[in-house]
Amino acid sequence: MEYTGYLFVHFIGEEEDGEQVYFALSRDGLHWQDLNGGKPMLRSHIGECGVRDPFIIRSPWPAGEAEKKSKYYLMATDLRIGAGKGWEAAQYDGSRDIIVWESEDLVNWQGPRACEVGLREAGCVWAPEAVYDREKDAFMVFFASMVKLPGEEAAKQRIYAVYTRDFRTFTEPQLYLESERHVIDTTIVETAEGYYRYSKDETTARIRVEFGESLHKDAFHRVSSPVLDELCGVEGPEIFRLNDSGKWCLVVDRFAAGKGYLPLVAEKLSDGNFTIPDESEFDMGVLKKRHGGIMNLTEEEYGRLEKLL
């Protein structure tokens with residue numbers, strides 16, 4: 001496909017209506033306009049009646065195949081911190097569901113529906129994302145869960161994975177990624193050489209980078225990134241390709257400073273060499289962007305969403 005724009009799905013914070021799904025549109029990936037008058041595009045009235053960490057992905061299948069109809073899927077964490085239960089309850093006694101919407105045009109959405117994907121003993125299911133696994137012809141959905149394994153003194157956040165073709169039925173969760181301490185907020189991007197995986201590693205409180213030639217959990221090895229090694233107080237990494245230049249843009253949520261997303265740009269991902277644009281070179285829009293997902297758009301897709309500005 002030829003892409004000419006970008007869609008950012010995100011939430012904005014713990015204020016009233018902040019933990020719902022917002023849309024923003026961009027031509028260059030660095031300057032964003034909020035859609036729908038700055039109001040939520042999607043609301044969850046089920047589960048916790050709030051969502052965080054939304055992520056969007058398109059099906060890889062061509063339209064017209066009855067069993068593999070081209071669609072867009074949007075999933076999010078079933079969580080509303082603004083309800084006052086607190087972070088401890090969210091981690092140790094939260095929802096094992098993800099909240100899912102689907103659409104054929106990015107404007108009209110079916111849902112929300114709750115899909116249970118987590119382990120029964122999991123304290124939570126956080127920040128669900130997906131990547132298409134070509135070997136299995138299915139989506140791999142992955143998320144963070146607080147789990148205490150046999151023999152451990154305390155639970156910790158690990159990344160688990162399930163597979164689906166329709167975002168309705170899922171395989172049993174399997175451990176996918178863990179670290180010395182908690183690891184959350186994993187995102188994966190496919191490139192010509194393989195897959196790059198970005199995660200928030202609480203061992204260092206920074207974003208770590210890994211590369212694998214396949215999606216198998218043991219295929220990945222660390223990639224050095226001096227800029228990310230120095231960048232503290234960030235989470236919610238998202239990575240996408242810039243349409244015109246072919247460069248890569250990694251955005252990270254500056255949660256510690258309360259500033260929302262910051263873009264970083266790289267010529268290639270293999271050397272981990274990111275640069276941070278000057279504040280004058282990007283504009284994230286009026287609304288503060290909190291942990292979300294970015295999808296490249298065709299001109300037709302951009303045109304449909306542009307009508308919502």
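The chain holds 3 helices and 19 strands, where helices (H or I, at least four residues) and strands (E, at least two) are DSSP runs numbered from the N terminus. Its radius of gyration is 18 Å, close to the 19 Å that the globule rule gives for 309 residues, so the chain is as compact as a globular protein of that length. That radius is taken over C-alpha atoms, and the rule is 2.2 Å times the number of residues to the power 0.38.

This is a predicted model, in which local features need pLDDT of at least 70 and side-chain atom pairs count only at pLDDT 80 or more, while totals for chains, interfaces and linings use all residues. Residues are numbered from 1 along each chain as its sequence is written, and side-chain values use heavy atoms, with hydrogens and water left out.

Of the 309 residues, 57% are buried, meaning under 20% relative accessible area with a 1.4 Å probe, protein chains only. Among contacts (heavy atoms within 4.5 Å) between residues at least 6 apart in sequence, 54% join residues at least 24 apart.

I turn now to one residue. His291 is found in strand β19, residues 290–297, and is buried, with a relative accessible area of 4%. Its side chain makes a polar contact with the side chain of Asp53, at 3.3 Å; such a contact is a pair of N or O atoms within 3.5 Å, one able to donate a hydrogen and the other to accept it. Leaving aside neighbours within four places in sequence, His291 is in contact with residues including His10, Glu129, Asp185, Glu238 and Asp253.

Note on methods. Buried means under 20% relative accessible area, exposed over 50%, partly exposed in between (1.4 Å probe, protein chains only).
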